[in-house]
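Hello,

Here is the structure you will be working with. Please look it over before reading the notes below it.

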Amino acid sequence: MKSFINVEDIGPLDKALAEAFEIKNDRFKYQHLGKNKTLMMIFFNNSLRTRLSTQKAAMNLGMNVIVLDVNAGAWKLETERGVIMDGDKSEHLLEAIPVMGCYCDMIGVRSFAGLSDREYDYAETVLQQFIKYSGKPVFAMETATVHPLQAFADLITIKEYWRQPVCGGSPAARPKVVLTWAPHCRALPQAVPNSFAQWMNAADVDFVITHPEGYELDPKFVGNARVEYDQKKAFEGADFIYAKNWSNPGVTNPADYGKITSKDMSWTVDTEHMSWTNNGKFMHCLPVRRGLIVTDDAIESKNSIVIPEAANREISCSVVIKRMLESL
């Protein structure tokens with residue numbers, strides 16, 4: 001595996017999940033693969049779970065790790081081609097990237113959407129430059145449009161907690177998984193919901209997306225999911241509720257891209273919302289704004305699995321790095 005961005009990069013999901021649980025049972029089984037190999041993690045944006053879980057996964061696999069925070073530990077980088085660099089940016093990404101490639105065997109990149117230019121964001125301009133110019137395998141640690149390590153961890157978590165409940169004497173064949181929009185005080189990217197939708201479409205689940213009208217995700221991520229604008233109807237019978245805010249994707253109105261066009265607090269997930277489900281589990285990628293995305297009682301309930309979900313970030317990343325090491 002030379003790059004990891006989308007669900008198809010991981011190959012058959014059943015094999016990837018089996019590998020994930022194998023690694024979870026013995027996290028150091030493949031540490032020989034990373035001996036004398038170096039991972040470089042490039043952060044253009046803040047991180048907690050991604051930074052810690054990715055570094056831990058690489059160390060479990062025997063790798064050396066270099067962490068570069070572009071905003072605090074490097075020259076300011078210019079990303080646009082053809083500009084006159086007479087501002088505060090001292091180095092161009094086109095020189096910086098191949099230099100980074102000299103010092104490592106693999107690169108992880110975290111670079112959020114700017115939310116001002118949809119075409120620029122959805123072209124994955126920064127990530128694609130790393131893939132093109134580094135000469136090394138590259139994986140996404142959240143980009144302008146996707147967060148595959150999170151979505152893979154989400155799928156691992158759903159697989160762990162799905163216990164085909166008996167209803168009327170017949171076991172349910174597939175869990176019902178609902179991605180629900182929730183309000184937020186800041187404009188957030190669509191990367192997490194995009195990847196979650198992409199991975200759920202590829203998995204064997206009954207997948208529903210619910211959000212206010214006008215917040216439609218890009219069709220290439222929505223796929224075959226059922227879109228339901230009535231949140232209560234979407235929640236009915238759900239086994240897993242995945243709450244996440246995203247700013248307007250600009251699908252129905254390009255001028256709205258990256259804007260907050262709804263602050264409807266009735267979408268905040270609370271115990272009443274969860275009562276509409278089939279004793280459903282609550283999920284969120286974290287960090288979460290309590291009182292906006294979810295209430296205290298809902299996230300602190302016995303059905304909240306946000307901490308095990310976060311712990312599985314180490315596992316999803318281990319599978320990805322392992323496969324990249326095997327391809328070196």
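Predicted model: local features only at pLDDT ≥ 70, side-chain atom pairs only at ≥ 80, totals over all residues.

Residues are numbered from 1 along each chain as its sequence is written, and side-chain values use heavy atoms, with hydrogens and water left out.

A nonpolar core is a set of buried Ala, Val, Leu, Ile, Met, Phe, Trp, Tyr and Cys residues joined through side-chain atoms within 4.5 Å; buried means under 20% relative accessible area (1.4 Å probe, protein chains only). The largest such core has 56 residues, and F139, F152, W199, F207 and I321 touch the most other members. Helix α13 (residues 306-327) gives the most to this core, seven residues; helices here are DSSP runs of H or I, at least four residues, and strands are runs of E, at least two, numbered from the N terminus. A second, separate core has 26 residues, including C104, V126, F130 and A140.

Beyond its neighbours within four places in sequence, F207 has contacts (heavy atoms within 4.5 Å) that include V177, L179 and F196.

Strand β13 (residues 240-244) has five of its five residues buried, so the rest of the structure largely encloses it. F240, Y242 and K244 lie on one side, I241 and A243 on the other. Strands pair if DSSP finds at least two bridges between them. β13 pairs in the parallel sense with β10 (residues 176-181) over five bridges, and K244 is the bridge partner of W181. Three bridges join β13 to β14 (residues 281-283), also parallel, with F282 the bridge partner of I241.

Regards

Conventions: Buried < 20%, exposed > 50% of the residue type's maximum accessible area, 1.4 Å probe, protein only.
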